[in-house]
Each structure stands twice: as C-alpha cells, then as structure tokens.
Amino acid sequence: MSGPLRGIRILEIGHMLAGPYCGLLLADLGAEVIKIEPPTGDIAREASPHFVGAHNAYFASLNRNKRGVVIDLQSTTGQAQLHELCRSADALITNLRPSAIRKLGLTYATLREINPGLVCVALTGFGLTSPYAERPAYDYIIQAMTGVMELTGDPGTLPTKTGYSAVDNSAGAFAALGMLAKLHSGEGGQVDIAMYDVMLSQLNYLASSILNGQETALRQASSAHPYFVPAQVFQTADSWLVLFITHDSFWRLFCEAVGHPEWIGSPEHGTISARSRNRAKVIADVSAALAQRTTEEWLERLLPLGIVVAGIKTLDQALHSEQTRARGMIVEVTAGDATLQLVGNPIKVLGMDEQFAEPPLLGGDDDTLLSTPAEHDAG
C-alpha cells in the first residue's frame, strides 16, 4: 500500500461497523490492517442480501484493503498466535464488550508484556469503566440514550433515529484519531473510546446551551435550526428545498431575489435577532414565497448569489452525481471475476496514489501471517 500510514501494522478485532470502519479508514491511508476473525467469521459477512462474487456487500463496504486471519482467541493456540502478531504490530483495535476485551487479553495492561510500544484501542458503547460498561450497545441504543433520537423528527412525532449509522461511523473515526494521536506520542498505551461519549461530544452547542443557558433542547419543525431563521426545509412548487441563512448580508440578497425587498428593513425580518424572535411570521412569509417556483428555478436564482441552498436528493442520486464523480468517491475493486463498487476514501492526500484491494476472504491470509505455536517456541 502507498499512503501516509504505510509501514504501520494494525490488528483489528472487530465486528459489524464501528471497529471495521476505523480499520477501513486506516487501511485506505496505507496502513497494513490485519483483520482477526473467529472461526465463524464477522457477522457482517452475512448482513446484506447482496453478494458480488464471494463478497457480501455490507462486509465489503467496511473491509477492503485489509488482510484477514482466523484465530480462536479463546484457545491457547489462538492466544499464542495473537501474541506473535502483536510483537510486530503498532496498534490493536477492538470493538468487543469490555468484559470480552479483558477476558481475551486485548488490553494494554495485558499486552504490554508482549510489546510495550503497542497502542491498544478499545471502542465500546460506554467505555472500559463506567456504570453502564457492560450494557449491550448498538448505534440505536446510543442514539436513544444521548438525546439524538429525541431531537430528531418533527415535534409531536415519534423519536427518530438518523437515516444512517451516525454513532458507529463517528465512533470509528474518533477511534482512528485516538489511535494516531497515541502513536504520535511514541509510546504504547490504552485508548478508551466510548460511543456514548462521542455522541455527547457531537451535541456540542446544544449541550452547551443546556449547561450554561438553562435551555431545553427541543425538536424544531421542518428540520429547522434552533437559532438561525430561516434555516430549514421548505416546500417549493414541485418538491423540497433546504435554505440556510445566517448573516444579514445573505438575507438582503435573498429578499431581493424572491421579490420581497420590503423584508430588508422590516422590524420583524431585518436582523438575525428579529427573525429569531419572530420565527413563525418569518417562516410563514418565506414559505409562501418559495412555494411560487420549482426547486430548480430557485437553485438557478439563489446559488449564483452565494446563498446556502440545496435540493433534497436521494442517496441513489447522490451516488451518481457529478460532485461524487469529480471527487472520485466511487471506486471499483476487482474481486476475482467480479467488480465491487464501493464508496471511496473521504480523506484526500495530495500526491497519494489511492489503491483499493478486495476484502479478505475468511482466513485468507492464515498461511502467510500465522505461525504455529511450535514454530514460535523454536524461534
């Protein structure tokens, strides 16, 4: 592999999404990531109904560019094989439950005897030590417990999860950052990433308002911003439009463009604070104006003015857009006689020759990466 992380060896003992996504980001940047699976394999190998050749589409989306071995970590032989790999590794990532992490000896406290320079990353639901540490945790659960679901959706409707695995993906990225920060220190050690903590961190300004302003974070109709007005979804003559106006300079441009220059000096509309105080009136007026034209007509009129605006697209439309093509965000991976199409690497390093290899087959690198305990003892 090429890339800024070439020469770094990382062991990944993960399943499903958060841990494997962390490993994927690092592998795409050139690290040698060795995925260690139990004999039954990562459950993600069967998660999707879609297969391309031997590869499950779900599993492939999170595990390209990795090597793979099967190790039974509950056996003496498996522990010997793990320790052999740890001797040459720079880091180990796992997203098992804390009790399993300790039982299988995947903490720095255990592995420092094997390799004192090893960085061990535990990516768990609630941290290695906390009152909830042993609770089962999935993306859905963390969204429910941190307020994300209660903040999502229109007022008066059911609490709603995000449309994708926001917690798992965010936690995977934070785990990669934590691992690299510890590696940069030049010392081995333990990195403790809790999905719960990650989501609280990402609720930053909303949490700050509660902690410092005695506010209550509430859902806003039409996905509106709690402070800026107008900043939400609006219905047009044919579909939907997202408009986000912050500065008064953009508001003035918008008023001229929609044919309502009188709003510029209006005591109800003219300033950021006035629009916030008179939200209902401003939203009603803007809604009536935007309903007069199609989404495309508004985009043609507003985008050249620098106004923050967009139509709402499906994922399918986004995947096939000119923006996606221009950024090289769909990559093709040769997998035997088949070709996998996957979302590419979001981290663009100038001068880096991106390479994308197929995901590992279960135990596909056992022969080249694993030695028997007897060979280890003899060495």
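User: Which way do α1 and α8 lie to each other?
Analyst: α1 and α8 are oblique to each other. That word goes by angle: under 35 degrees counts as roughly parallel, over 145 as roughly antiparallel, 65 to 115 as roughly perpendicular, and the rest as oblique.

User: Before we go on, what kind of model is this?
Analyst: This is a predicted model, where local features need pLDDT of at least 70 and side-chain atom pairs count only at pLDDT 80 or more, while totals for chains, interfaces and linings use all residues. Residues are numbered from 1 along each chain as its sequence is written, and side-chain values use heavy atoms, with hydrogens and water left out.

User: OK, at what angle do α1 and α8 cross?
Analyst: At roughly 50 degrees, and the axes of α1 (residues 18–28) and α8 (residues 166–185) come within 8 Å. Axes are lines fitted to C-alpha atoms, for helices over the stretch in contact, with angles from 0 to 180 degrees between N-to-C directions. Helices (H or I, at least four residues) and strands (E, at least two) are DSSP runs, numbered from the N terminus.

User: Is that crossing left-handed or right-handed?
Analyst: The crossing of α1 and α8 is right-handed.

User: Which residues in α1 meet α8?
Analyst: On the α1 side you have A18, Y21, C22, L25 and L26, and their partners in α8 include G172, A173, A176 and L180. Contact here means heavy atoms within 4.5 Å. By class, this contact of α1 with α8 has ten nonpolar, two polar and one charged residues. Ala, Val, Leu, Ile, Met, Phe, Trp, Tyr, Cys and Pro count as nonpolar, Asp, Glu, Lys and Arg as charged, and the others, Gly among them, as polar.

User: What about α8 and α9?
Analyst: α8 packs with α9 (residues 195–202) at about 95 degrees, with their axes 9 Å apart. That makes α8 and α9 roughly perpendicular to each other. Among the residues that meet are A171 and F174 in α8, and V198 and M199 in α9. The contact of α8 with α9 divides into seven nonpolar, three polar and one charged.

User: Switching to sheets: in what order do the six strands come?
Analyst: They run β5-β2-β1-β6-β7-β8, in an open sheet with parallel pairing. Two strands pair if DSSP finds at least two bridges between them. β5 (66–70) and β8 (189–194) are at the edges with a single partner strand each, so one side of each is left without a neighbour in the sheet. The twist averages 20 degrees from one strand to the next.

User: And which helix packs on that sheet?
Analyst: α8 again, touching β1, β6, β7 (119–124) and β8, with its direction at about 160 degrees to that of β7. Inside the sheet, β1 (residues 9–13) and β6 (residues 91–94) pair over four bridges, with A91 in β6 as the bridge partner of I10.

User: How do the three strands of the other sheet pair?
Analyst: Antiparallel, in the order β9-β10-β11, and that sheet is open too. The edge strands are β9 (231–235) and β11 (308–311). β10 (residues 240–244) pairs with β11 over four bridges, and L241 has G311 as its bridge partner in β11. Helix α14 (residues 295–302) packs on this sheet, touching β10 and β11.

User: Where's the cis peptide bond?
Analyst: Between V229 and P230, with omega about 0 degrees. P230 sits in the loop between α10 (204–213) and β9.

User: And what is phi for N65?
Analyst: Near 65 degrees, a positive value in a residue other than glycine. N65 is in the loop between α2 (57–63) and β5. For background, most residues other than glycine have a negative phi, and most peptide bonds are trans.

Note on methods: A crossing is left-handed if the near helix is turned anticlockwise from the far one by less than a right angle, and right-handed if clockwise.
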